[in-house]
Amino acid sequence: IDALCRAGQKDDFIDPKDALPIISKRTLCVVVDTYQVGLVESKEILEKCGKVAVIDHHRKGVGFIEKADLVCHEPYASSASELVTEFLQYVGDRDDKPSRVEAEGLLSGIMLDTRDFTLHTGVRTFEAAAFLRRNGADVTRVRKLFRENAAEYKAKADAVSQAEIYRNAYAISICHSEGLASPTVVGAQAANELLDIRGVKASFVLTEYQNKLFFSARSIDEVNVQVIMERMGGGGHLNIAGCQLENTPVEEGIIVLKRTLDKMIEEGEIS
């Protein structure tokens, strides 16, 4: 968003409370990267808009938006950015193409969800990336968007160094949020890093933030972390998932996670 604002597109963003007075029954609300009512930025906007479109790649579960006028739901897509890019290629006028900044924003979304094209990528993923590259997206500039400050880097390194390997296969750690602007993002990055440890089938990083306990779950191909997080009230994708617990201390959250893993292993759902 900061990059878009610097590119002169600040007017493309509006606070939810400022948007409510200008919404009518003719207003279209496009929900991206989630199908769940509880995860949208503003439930008030969703309920007030006359038409709703949903673009998402997560496997459908409970709490989905029921009365959508258009649903583009593709669980095998790498990311919501990939789906939006496909829309841009085939919908609208030939000259109606994304700007360079918009193309780089979409490419950054694809790179983030695929870990630089190493997870759940397909032919369509690379075709979308090629389209964005033709419209000015530069990988070097996109990479710079992901650079972090020293505090974030140290917090991520600390989470990785303090990880516990549970049952010789599941890395569990804590990302402390003090002094971080986006601690849940740092926690997700730490979960990605833990997958590089040999023998780790899945990683889980817990972050306390705004009176909630956030779980970031990651895997490569041996464990479906989505079903694990669904057991705990969350969801996500085969290799990228998460959940939130309210009023739950970190120590209690770790116990809940371990019990969930133990039960699912006993029941044969994971190994």
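**View 1. Arg 231 is partly exposed, at 36% relative accessibility.** Partly exposed lies between buried (under 20% relative accessible area) and exposed (over 50%), with a 1.4 Å probe and protein chains only. This is a predicted model: local features need pLDDT of at least 70, side-chain atom pairs count only at pLDDT 80 or more, and totals for chains, interfaces and linings use all residues. Residues are numbered from 1 along each chain as its sequence is written, and side-chain values use heavy atoms, with hydrogens and water left out.

Arg 231 forms a salt bridge with Glu 269; their closest N and O atoms are 2.3 Å apart. A salt bridge here is a side-chain nitrogen of Lys or Arg within 4 Å of a carboxyl oxygen of Asp or Glu. Glu 269 is partly exposed, at 43%.

**View 2. Arg 100 pairs with Glu 104 in a salt bridge.** The closest N and O atoms are 3.0 Å apart. Both residues sit in helix H5 (residues 100-114), 4 residues apart, about one helical turn. Helices (H or I, at least four residues) and strands (E, at least two) are DSSP runs, numbered from the N terminus. Glu 104 is buried, at 6%. Arg 100 is partly exposed, at 39%.

**View 3. Arg 167 forms a salt bridge with Asp 262.** Here the closest N and O atoms are 2.8 Å apart. Arg 167 lies in the loop between strands E4 (164-166) and E5 (170-174), and Asp 262 in helix H11 (residues 250-266), so the pair ties together parts 95 residues apart in sequence. Asp 262 is buried, at 18%. Arg 167 is partly exposed, at 43%.
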